[in-house]
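Opening my notebook on this one. I'll jot down what I look up as I go.

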Amino acid sequence: MLILGSHVSYKNDTQLIGSVKEALSYGSNAFMFYTGAPQNTQRGAINDYLTIEALNIMKENGIALEHVICHAPYIVNLANDQDLDKYKFAQEFLRNEINRCETLGVKYIVLHPGSATKLDRDYAINNIIKGINNILVKEDNIVILLETMAGKGTELGINIEELKYIIDNIEYKDKIGVCLDTCHLNDSGVDISRFDDYLREFDKSIGINKIGCIHVNDSKNPINSHKDRHENIGFGTIGWDNLLEVIYNPLLENIPKILETPYIDRDYAPYKQEIDAIKDKTFNPNLYQDILEYYHK
Ligand code: FE
Ligand code: FE
Ligand code: ZN
């Protein structure tokens with residue numbers, strides 16, 4: 001079965017209920033949320049009544065809890081220990097995020113591994129490993145999914161070798177995995193038209209069973225551009241056919257596919273129309289017009 005959804009909002013007053021309802025309005029059976037604004041680390045407490053209601057709505061509508069993904073805020077940088085207070089805060093924040101996910105029953109947390117900034121890359125990668133090992137405990141029932149990064153600036157986790165090195169050094173192997181992002185892969189130099197080659201290499205080195213989520217995005221920029229600007233499916237440099245091959249790859253069937261494609265005219269979520277097109281396996285060249293019409297009627 002195709003497991004497909006998008007990034008959705010999460011507001012403190014409705015919490016997971018709002019996220020689930022948004023996901024359902026797009027025809028999704030999976031979704032990804034941030035427990036607050038992705039750019040900051042202010043977070044409210046989880047309300048169990050709202051969670052229970054959200055779980056009921058999910059059950060009624062066929063969204064399995066293991067297909068719900070949390071994304072840690074992208075300002076958390078476990079790679080940089082130049083300011084020890086900030087390094088400690090990043091770990092504390094991630095620890096609290098794990099606790100929030102455990103309260104919600106959400107198992108997968110996507111994490112941008114970090115950026116080396118002025119530090120040596122090897123040293124910075126070891127900070128990530130230390131940071132994760134510091135906060136994970138044996139009892140945790142979550143999996144941190146390291147996202148494959150585009151290689152913008154000094155980002156880490158931009159190829160199989162770097163991800164493998166981190167994973168190999170995490171103490172609790174069952175609590176670490178990978179989230180592939182097709183835009184990031186393209187921008188980091190992976191040819192998505194030869195995705196099978198990449199998967200084979202990934203499997204040999206890290207193991208396909210470590211993939212817990214796939215961010216399906218087209219890219220505004222050519223392969224190896226190190227940019228990280230997402231585009232709507234079929235409108236970028238990766239293209240419709242190549243992305244459909246990823247989405248319908250039989251080896252990845254049970255893995256949630258999450259769209260993080262850009263809103264139309266800043267305000268209009270494209271996900272219902274993109275998900276419809278993906279389910280139909282038919283590229284919709286009128287996506288923009290259809291979305292504007294849908295929101296204005
Ligand atoms: Fe991400
Ligand atoms: Fe992503
Ligand atoms: Zn991105």
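How many helices and strands does the chain have? I get ten helices and ten strands, both read as DSSP runs (H or I over at least four residues for helices, E over at least two for strands) and numbered from the N terminus.

Ground rules for myself. This is a predicted model, where local features need pLDDT of at least 70, side-chain atom pairs count only at pLDDT 80 or more, and totals for chains, interfaces and linings use all residues. Residues are numbered from 1 along each chain as its sequence is written, chains are lettered from A and ligands numbered from 1 in the order written, and side-chain values use heavy atoms, with hydrogens and water left out.

**Entry: overall build.** Of the 297 residues, 56% are buried, where buried means under 20% relative accessible area, exposed over 50%, and partly exposed in between (1.4 Å probe, protein chains only). I also checked contacts (heavy atoms within 4.5 Å): among those between residues at least 6 apart in sequence, 76% join residues at least 24 apart.

**Entry: iron, ligand 1.** Which residues are the protein donors here? I find His71 (NE2), His112 (NE2) and Glu147 (OE), 2.1 to 2.3 Å from the iron ion (ligand 1). Donors are N, O and S atoms within 2.8 Å of the metal (3.2 Å for Na, K and Ca), and sites may look incomplete, as water is not among the atoms. The spacing in sequence is H-x40-H-x34-E. His71 in strand β3 (residues 68–71) and His112 in the loop between β4 and α4 sit 41 residues apart, so to speak a link between distant parts of the chain.

**Entry: His112.** His112 is buried at a relative accessible area of 18%, and His71 is buried at 0%. The His112 side chain makes a polar contact with the Glu147 side chain at 3.1 Å. (That is a pair of N or O atoms within 3.5 Å; within protein, one must be able to donate a hydrogen and the other to accept it, and sequence neighbours count only if both atoms are side-chain atoms.) Leaving out residues up to four places away in sequence, His112 touches His71, Tyr74, Val76, Glu147 and Met149.

**Entry: iron, ligand 2.** The protein donors of the iron ion (ligand 2) are Glu147 (OE), Asp181 (OD), His215 (ND1) and Glu260 (OE), at 2.0 to 2.2 Å. Glu147 coordinates both iron ions, which are 3.2 Å apart. Both Glu147 and Asp181 are buried.

**Entry: helix α7.** Phe195, Tyr198, Leu199 and Phe202 are buried in α7 (residues 195–205). Why do I say they line one face? Seen down the axis, the buried residues fall within an arc of 100°, so they line one face of the helix; the arc is that of the directions from the helix axis to the C-beta atoms. Arg200 and Lys204 are exposed on the face turned away from the buried side. Just after α7, Gly207 has a positive phi of about 105°.
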